[in-house]
Amino acid sequence: MYIDSTSKMSINPIFNPNGDDTIENRSIWFGNTTNLMQLNDVRYTWALGLYQQMRENFWIPQRLDVTQDVTDYWNLTPEERHAYDGILSYLTFLDSIQTCNIPHLKSSITAPEVSLCMAEQISQEAMHNQSYQYIIETVIPPDRRNAVYDFWRTDKVLKDRCEFIAKLYQKYIDNPTSENYFIALVADYLLEGLYFYNGFIFFYNLASRMLMPGSADIFKMINRDELSHVRLYQKLIPEAMQIFPHSVEQIYEMFDEAVKHECRWTNHIVGNDILGITEASTERYTKYLANMRLRSIGLEALYSEEKYKKSPYTHLERFSDTKKEAHTKANFFEATVTSYVMSSGVSGWDEI
Ligand SMILES: [Fe+2]
Ligand SMILES: [Fe+2]
């Protein structure tokens, strides 16, 4: 039974003495929580496992060595350098708005175990921004640093892209109905599950050519965190589909529009001058990812052609560190095993 699409989402009170934290009456949204983190009794056990996993993923950007990247930066072609700066700028935007927006979604969550995961997600998104700052300060020369943050001011395609993504979140803030909450949830899933990955591929591609290994090391850690966020929304969206008014056509439209925006931006910033990435491979990869993300929330694939069934970048997967067999892989070009414990708490991220 759907709730009314125009009904306002309720924001949890700071403390609700008349709340009921029993498992039988607990729900992710529209419950009557006291707002205490009552985690002794848990209805959504997957959330505790996911939280544990997110905590085990803990890492500190400054512990990763980017010194080779400082000299490599000047060995990039001008096109690669331009793409490097532009992608960093775009990813900074994504993590900035996530840090800002997730608290809005979280404030209506009435299952504390799910709130717990979102609190950790917010912390990770903030830390991702710090990792971009670390890269920018270490690798990018002083006279170009501000330009990375301000890239959207001079690049119209990036500005359009940022506005398009922000608009779907802002819509809920301006008019916090249940319908707009659901749209913001799907927008969040698209950001976590689709919008980062052509950027990650760019850095893995450079690393596969022995360039910018420190940056790739940082991005593989961010990639791993983002996949834990993908997993969170893969759990939340099917639950939300049972409660919130929506149509499947609307979800498909959002995905298709997201794919078009993602391809347009990637083609713009990567162009046709970077070895190993073409407009065709970007389209294939983005549609492949969209299909996979749809299937994992219980929907049919949107792009049925055979070519969208497989990633064109499987040769770069070994750089991503998201596969089970790569968990104890050494840092790039180093003999030492990475100082971070890899995702031993799950049996690989293959399904996401
Ligand atoms: Fe992030
Ligand atoms: Fe994220």
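## A buried glutamate

Glu125 is buried, because its relative accessible area is 0%. Buried here means under 20% relative accessible area, exposed means over 50%, and partly exposed lies in between (1.4 Å probe, protein chains only). Glu125 sits in helix H4, which covers residues 112-139. Helices are DSSP runs of H or I with at least four residues, strands are runs of E with at least two, and both are numbered from the N terminus.

Contact means heavy atoms within 4.5 Å. Beyond its neighbours within four places in sequence, Glu125 is in contact with Asp95, Gln98, Thr99, Glu192, Glu226 and His229.

## How to read the model

This is a predicted model: local features need pLDDT of at least 70, side-chain atom pairs need pLDDT 80 or more, and totals for chains, interfaces and linings use all residues. Residues are numbered from 1 along each chain as its sequence is written, chains are lettered from A and ligands numbered from 1 in the order written, and side-chain values use heavy atoms, leaving out hydrogens and water.

## The annotated site

An unreviewed UniProt entry gives the annotation "binding site" to Asp95, Glu125 and His128. They are spread over 34 residues of sequence, yet they cluster in space, with a largest C-alpha distance of 6.6 Å. The UniProt positions follow the numbering used here, feature names are shortened, and annotations may be inferred rather than shown by experiment.

His128 also belongs to helix H4. His128 is buried, with a relative accessible area of 0%. Setting aside residues up to four places away in sequence, His128 touches Trp59, Asp95, Ile222, Asp225, Glu226 and His229.

## The overall fold

The protein has 13 helices and zero strands. Its C-alpha trace spans about 65 × 40 × 40 Å along the principal axes. A compact globule of 352 residues would have a radius of gyration near 20 Å, and the protein agrees with 20 Å. That radius is taken over C-alpha atoms, and the globule rule is 2.2 Å times the number of residues to the power 0.38.

Buried residues make up 56% of the 352 residues. Of the contacts with a separation of 6 or more, 78% join residues 24 or more positions apart.

## Surface and charge

The protein exposes about 15000 Å², and carbon and sulfur atoms supply 53% of it. Accessible areas come from the Shrake-Rupley method with a 1.4 Å probe; for residues, only the protein chains shown count as cover.

There are 33 positive and 47 negative side chains, and the centres of the two sets lie 2 Å apart. Lys and Arg count as positive, Asp and Glu as negative, while His and the chain ends are not counted. Each charge is placed at NZ of Lys, CZ of Arg, CG of Asp or CD of Glu.
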